Amino acid sequence: MIEINGITKVYEGIRAVDDVSLKIGSGEIVTVVGTSGSGKTTLLRMINRLVEPTSGTILIDGRDNRDLPGHELRRAIGYAIQGYGLFPHRTVAQNIATVPKLLGWDKKRIESRVDELLALFHLEPSQFRARMPHELSGGQQQRIGVARALAAEPAVLLMDEPFGALDPIIRGKAQEDLIEIQRRFATTIVLVTHGMDEAIRLGHRIAVMDKGKLLQFAAPAELIAHPATAFVADLAGRADRAFRLLSLSPVVDLLEPGEASGEPIGAQASLKDALSEALWSGRAALPVLRDGAIVGRVTREKLMARAGQPQ
Amino acid sequence: MSAGFDLQATTRRGAGLDRLGVLLAAIVAAGLALQPFCLFRANRIVAAKPVGLLSALPPLESQIVLGLIVVASVLLLLRTPSPLRLSVSVLTLVLLAFAIGRAGVYLTPSSNTYARVAPGGGFWFAAFAFAIALADAAVRLRMPPLGRLALLALIGGALWLFLWSGACDALSILREYANRADVFWREARVHLFLAAGSLAAAAVVGIPLGILCVRVRPLRAALLNSLNILQTIPSMALFGLLIAPLAWIGAHVPGASAIGIAGIGIAPAFVALFAYSLLPMVSNTVAGLESVPVQARDAARGMGMTARQRFMEIELPLAFPVILTGIRIVLVQNLGLAVLAGLIGGGGFGTFVFQGISQTATDLVLLGALPTVALAFAAAIVLDAAVEMTRPMTSASARKSKSLFERHDE
């Protein structure tokens, strides 16, 4: 659990982060979204004290983050950044082993942890251990960057635009991997991004920042349905907010008994995909497929009703 | 590689002439046709009598040598594979060395200790052309650093063996050497001490100064600008400027004159070389540290490395190839500049150069100049290889992709 209480950072008279308070639960993914200069990165960097706040406190699991020297605090918190920051003169294995080595793990434990992480990120250990960073593709470098951040099994992982440099297809895959890994280890993740799509896709809750202030901190559906300010509404996208809302829930939410014809849709597909398919094929209802069997249908009427502003 | 080359050679438009080869063959032809192969002097300082290649050796030998040189030039002229060009260049250089050695013996009347035979323009032109061809072939082969070091060792070893065998002992430059063997090696040690010692001192002072410049911004502009100004002082003027203060130190500081500090001699030479070395050391240290990727620095800090760990494990290793490039620049520069120490009684190979100039004895000048050039050349090759080996980005695969890229616009 991370408790941020009235944190403020002033740079040369400018309030980069202005009296921000929020509580992040254990095992939660919180995305911080805002335009550049909104203070989102500064907020993130104050959690592991890469930036010291001007005023306010941050508690991690009830302990003030200033109780430990900065470098010891940072060894206990995962950190992944845009551009990955891999050390170009060190092999993949040495890069991943950075924090375990700083913590003085023995060699055997480090080696087995490195191999475990490589396998977790779908990189064959025997093939990748000895490679140098410049011999990797962008997607592979990104995975090594996250593997390195997770190496010492931190309870908290801070990520600053970790997928910013990836092309859309690789980015989608990397986001899926992150969701899967977070489920597995129940890591608390704070992820900074400038893209609302990414914030909605990954965040259990979203913190929207502008000019150093926290405008709204809410679950994606709440944010889209009831934006706190015009700025949040703009960021959430007025034009396609109906579809954004639909994209948050799976088809199974609107499953009803009954018949429908044509190509079935998966129960875990999003409502947005279902509506799109219904409109495209001109059907009033789609059969729903789960575990290889048709289990019912979803109707266009209900999909459209669900896309309206919640009361 | 060779398959690719053949393909290229056959698809290239026009006759299969190598552009550099044309120039080199022209130099060889001009040298042999218009310049004497060697120079004969009845004694050390009288005017030289030029001797062409065909009269410098016994008739049959001279024709064979000429024929081989012509064949070698034609091979360079045509578009031939790089390994062939490399071997042709090496073999021709060996042939030229033997020929000039033989000419010395052939032209010197027996029991005449005054007559001198020196290589002439023709020899130097040809040697220069084939040395360039050798370097060019080595570059075209894209030899890995260890390969280049091996080639250097091979050439150095061959040269040493050749000189040691006595095949060239009749040549004037080696006669000058024979008269001064003890002095030669003493001056060689002084020369190396001046060049390498001032480099070491500059590294010990300059690298920490560079680190300081990166950390203390205001210092940076001030220090780099003053070193820049220092660099623009002509070396002769700097020697002059150093005479007064060093003479004063030698006279007034106890023990200073005992270790050789005086207005002239080795001390001002050492100080001047040290001063010229500082700018490259400091500026390369600054450039190296600034070339460390921002993200790598940020990641190192974000993962909990202490300032000392970040510096020793990330920043310094990543800056090292650039710092080593500075060391390379300084060493090659110092090996050349150290010749000027000869002017102010500082010793080194410059002693022979300036003695030779004052006596108009070209051979003596060469006795100082040739080892200097060879040393600077060898130092450049060794340190370039070291720089390449320490750079993480120039691993085998990076080099491969680079060469593929370059081959298109070759």
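**Entry 1: two loop residues in chain A**

I started with A:Glu153, which lies in the loop between α7 (138-150) and β7 (156-160) of chain A. I take helices (H or I, at least four residues) and strands (E, at least two) as DSSP runs, numbered from the N terminus. The model is a predicted one, in which local features need pLDDT of at least 70 and side-chain atom pairs count only at pLDDT 80 or more, while totals for chains, interfaces and linings use all residues. Residues are numbered from 1 along each chain as its sequence is written, and chains are lettered from A and ligands numbered from 1 in the order in which they are written.

I looked up the backbone of A:Glu153 and found a positive phi of about 50 degrees, although A:Glu153 is not a glycine. A:Glu153 counts as exposed, with 12 C-beta neighbours inside 10 Å. For burial I use C-beta atoms placed from the backbone: a residue is buried if 20 or more other C-beta atoms lie within 10 Å of its own, exposed if 12 or fewer, and partly exposed in between.

A:Arg49 also has a positive phi, of about 60 degrees, and is not a glycine. I found A:Arg49 in the loop between α1 (40-47) and β4 (55-60) of chain A. A:Arg49 has 18 other C-beta atoms within 10 Å and is therefore partly exposed.

**Entry 2: A:Ala218**

I placed A:Ala218 in strand β10 (residues 213-218) of chain A. A:Ala218 counts as partly exposed, with 18 C-beta neighbours inside 10 Å. I count two residues as in contact if their C-beta atoms, placed from the backbone, lie within 7 Å. Leaving aside neighbours within four places in sequence, A:Ala218 is in contact with A:Arg205, A:Ile206 and A:Leu223. I also checked A:Leu120, which is 98 residues from A:Ala218 along the chain; their C-alpha atoms are separated by 31 Å.

**Entry 3: chain B overall**

I counted 17 helices and three strands in chain B. The C-alpha trace of chain B spans about 75 × 65 × 30 Å along its principal axes. Chain B has 410 residues, and 36% of them count as buried. I took the contacts in chain B between residues at least 6 apart in sequence, and 73% of these join residues at least 24 apart.

**Entry 4: domains of chain B**

The domain assignment gives domain 1 (15-172) and domain 2 (181-409) in chain B; such bounds come from an automatic or database domain assignment. I found the C-alpha centres of the two domains of chain B 33 Å apart. Their contact takes eleven residues from domain 1 of chain B and twelve residues from domain 2 of chain B. On the domain 1 side, the elements that give two or more residues are β3 (116-119) and α7 (145-165) of chain B. The largest share of that side, five residues, comes from α7(B).

I sorted the domain 1 side by class and got five nonpolar, two polar and four charged residues. Here Ala, Val, Leu, Ile, Met, Phe, Trp, Tyr, Cys and Pro count as nonpolar, Asp, Glu, Lys and Arg as charged, and the others, Gly among them, as polar.

**Entry 5: helix pairs in chain B**

I looked at α4 (residues 59-77) and α5 (residues 82-107) of chain B, which pack at an angle of about 155 degrees with their axes 10 Å apart. This makes α4(B) roughly antiparallel to α5(B). Angles under 35 degrees count as roughly parallel, over 145 as roughly antiparallel, 65 to 115 as roughly perpendicular and the rest as oblique. The axes are lines fitted to C-alpha atoms, for helices over the stretch in contact, and angles run from 0 to 180 degrees between N-to-C directions. Residues in the contact include B:Val65 and B:Leu68 of α4(B) and B:Val88 and B:Leu95 of α5(B). By class I list ten nonpolar, one polar and three charged residues for this contact.

I then took α2 (residues 19-34) and α6 (residues 121-140) of chain B, which pack at about 165 degrees with their axes 7 Å apart. α2(B) and α6(B) are therefore roughly antiparallel to each other. Among the residues in the contact are B:Gly31 of α2(B) and B:Gly121 and B:Gly122 of α6(B). The contact of α2(B) with α6(B) divides into twelve nonpolar, three polar and one charged.
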